[in-house]
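Here is my note on the structure, as numbered points. Please read it with the model open.

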Amino acid sequence: MAQHALERLMRKIEGQEWLDRPGHTLEHGYAFVQNVFGLSQRPVRRFLHGVWFGHPLHPALTDVPIGSWTTALVLDTMGAGKGRREREGYQRAARRAVGLGVVGALGAAVTGLTDWQYTHDYARRLGLVHGALNAVALGLYTWSWWERRRERHGRGRLAAMLGYPLVAVSGYLGGGLTFRHLVGADQSEQEADRLLQPRDFTPVLRANELQEGTPRRVEACGVGVLLVRSNGQIHALGETCPHLGGPLSQGWLRDGSIVCPWHGSAFDLETGESQNGPAIAPAPRFQARVRDGRIEVRRVPPVVSAPPGSALTRQQEMPVQPPRPRQREMQP
Amino acid sequence: MKKGTQVLTDRKKQTTEVITPPKTATQMLYEHHGVLRGIMERLSRTSRDDIEQRRALTDELYSEVQMHERIEEHIFYPAISDFHPKLDAAWSEHRQMTDQLAALLRADPGGARFEEELRLMRDVLEAHAHLDEELEMFPEVERLMDEAWLVEMGERLQDRLDRLRSSRTLRARHRLERMMLRGPGRLIARTMRRGS
């Protein structure tokens, strides 16, 4: 029953259109702060989104407050009804746990806000409520810590008891953001293509139609491929952004990477690696070469640690037919 | 009724009392894209020595982009949200313009970085204004809505833009924002120059 009630709550929140305006106001404000303090620049973004981590940073950090505050709840319960001296030990430990949770929650708040600003409609509304609930809980736990420090443990326990259900509900909504709306997951269409098409070099465009610095979208075996000529060399990547599926061919080039027009994720043209987030996953790579004045592409199989001799390794090592001497040259 | 000959000046962006035939919303926004493009065109023709001119034009670009985003976000997008599903992308693209504008303000107008940021600003603007709005969103709005709606919407947009342009509070706010956005960037640049 509780499960259905929570799911209904989630759907209800997703339908609240009036949340869009405060959401955008918050985003504008945060954007300004980020731009004034240079937080929108590459290294900071990389850190806050968790690109260096290979996984969104926010969900990992949320374990700190949830774990610490659960610990505090356990310690509070255990301390109750004990003798005075023993109780003091529990109280001290509970205070530390609450304090650690507050610090962790601040980190989760910053990373969460940074991820949230690049979400769309339903996820955006859900994320706003998730953040607001957590902000209230953080306030309650900060108050709890303060009261505990001044030896007013009764009030401290009360504040923690009020905050805990909020954290629990909000955690559920946060789960919805990941599992229902796939925030932080790899959403690139090409990655979803398990057949890894096109397996063999497929002609897609006349080489003279691709101009230096102007990204283009082509299709090969029904797969959208982005073609970019940069410094004379032709690069090919998956055309939809792994973050929310933005059209990379409508983006622009910045310092040797292609930038998604929607949320500014930059991908290295050579490796497809994400440079700054919000996209964490790399853009799928394709090989490109020019034959008879036409650009041909094929999918680069993802490098996985498959045991030697396995089907996958063989597929990667298989020569491209017809066998010709080294097919590396990609220059026109 | 108008009397005599009307002299049409080629100063497009001035808010003078020139009586023109009613513009539709899409025409009005298209023309304002032209204003933004014009400022960037003038900026790209300035030389590195002409720091004052570059700074003044960047300031103008900042205000016009901010006002453009404001009229679209407050009037146009809410009005078309029922039948145009891809508005979130447009909102996100505005955010990209805001960020790129901040990068342009941070750059030293006398350096090569400024020219690079200006080139990027043009790419960011075209990705939104041309590839998204002019090629996709506007034709769809024109197809689905009738002339009267478009003209009425155009008047509302123009009216709001005129009011924003003549607002002193907004001008002061933009000046303050630019100062804050330039502040740390300029400080870092100065420190680096001293260090070298």
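1. Start at Arg178(B). Leaving aside residues up to four places away in sequence, Arg178(B) touches Asp59(B), Tyr62(B), Ser63(B) and Leu105(B). Contact here means heavy atoms within 4.5 Å. Arg178(B) sits in helix α6 of chain B, residues 168–195. Helices (H or I, at least four residues) and strands (E, at least two) are DSSP runs, numbered from the N terminus.

2. A word on the basis. This is a predicted model, in which local features need pLDDT of at least 70 and side-chain atom pairs count only at pLDDT 80 or more, while totals for chains, interfaces and linings use all residues. Residues are numbered from 1 along each chain as its sequence is written, chains are lettered from A and ligands numbered from 1 in the order in which they are written, and side-chain values use heavy atoms, with hydrogens and water left out.

3. Is Arg178(B) buried or exposed? Arg178(B) is buried, at a relative accessible area of 9%. The cut-offs are under 20% relative accessible area for buried, over 50% for exposed, and partly exposed in between (1.4 Å probe, protein chains only).

4. One of the contacts of Arg178(B) is also a salt bridge. The side chains of Arg178(B) and Asp59(B) meet at 3.3 Å, N to O. Asp59(B) lies in helix α2 (residues 51–80) of chain B and Arg178(B) in helix α6, so the pair ties together parts that are 119 residues apart in sequence. The rule for a salt bridge is a side-chain nitrogen of Lys or Arg within 4 Å of a carboxyl oxygen of Asp or Glu.

5. Now chain B as a whole. Chain B has 6 helices and 0 strands. Its order along the sequence is α-α-α-α-α-α. Of its 196 residues, 45% count as buried. Among contacts in chain B with a separation of 6 or more, 77% join residues 24 or more positions apart. The accessible surface of chain B is about 10800 Å², with 52% on carbon and sulfur atoms. That area comes from the Shrake-Rupley method with a 1.4 Å probe; for residues, only the protein chains shown count as cover.

6. Compare a pair within one helix. Glu116(B) and Arg119(B) form a salt bridge at 3.0 Å, N to O. Both lie in helix α4 (residues 112–144) of chain B, 3 residues apart, about one turn of the helix. Glu116(B) is partly exposed at 25% relative accessibility. Arg119(B) is partly exposed too, at 32%.

7. Next, the interface. Here 24 residues of chain A are in contact with 28 residues of chain B. The two chains bury about 2400 Å² between them, 49% of it on carbon and sulfur atoms. Buried area is the accessible area (1.4 Å probe) that two parts lose on being put together, summed over both.

8. How many salt bridges are there between chain A and chain B? The count is 3. A salt bridge at 3.9 Å, N to O, joins the side chains of Asp255(A) and Arg113(B). On the side of chain A that touches chain B, α2 (20–36) and β5 (252–254) of chain A each supply at least two residues. The largest share, 9 residues, comes from α2(A).

9. Last, salt bridges overall. In chain A, Glu296(A) and Arg289(A) pair at 2.8 Å, N to O. Both of these residues are buried.
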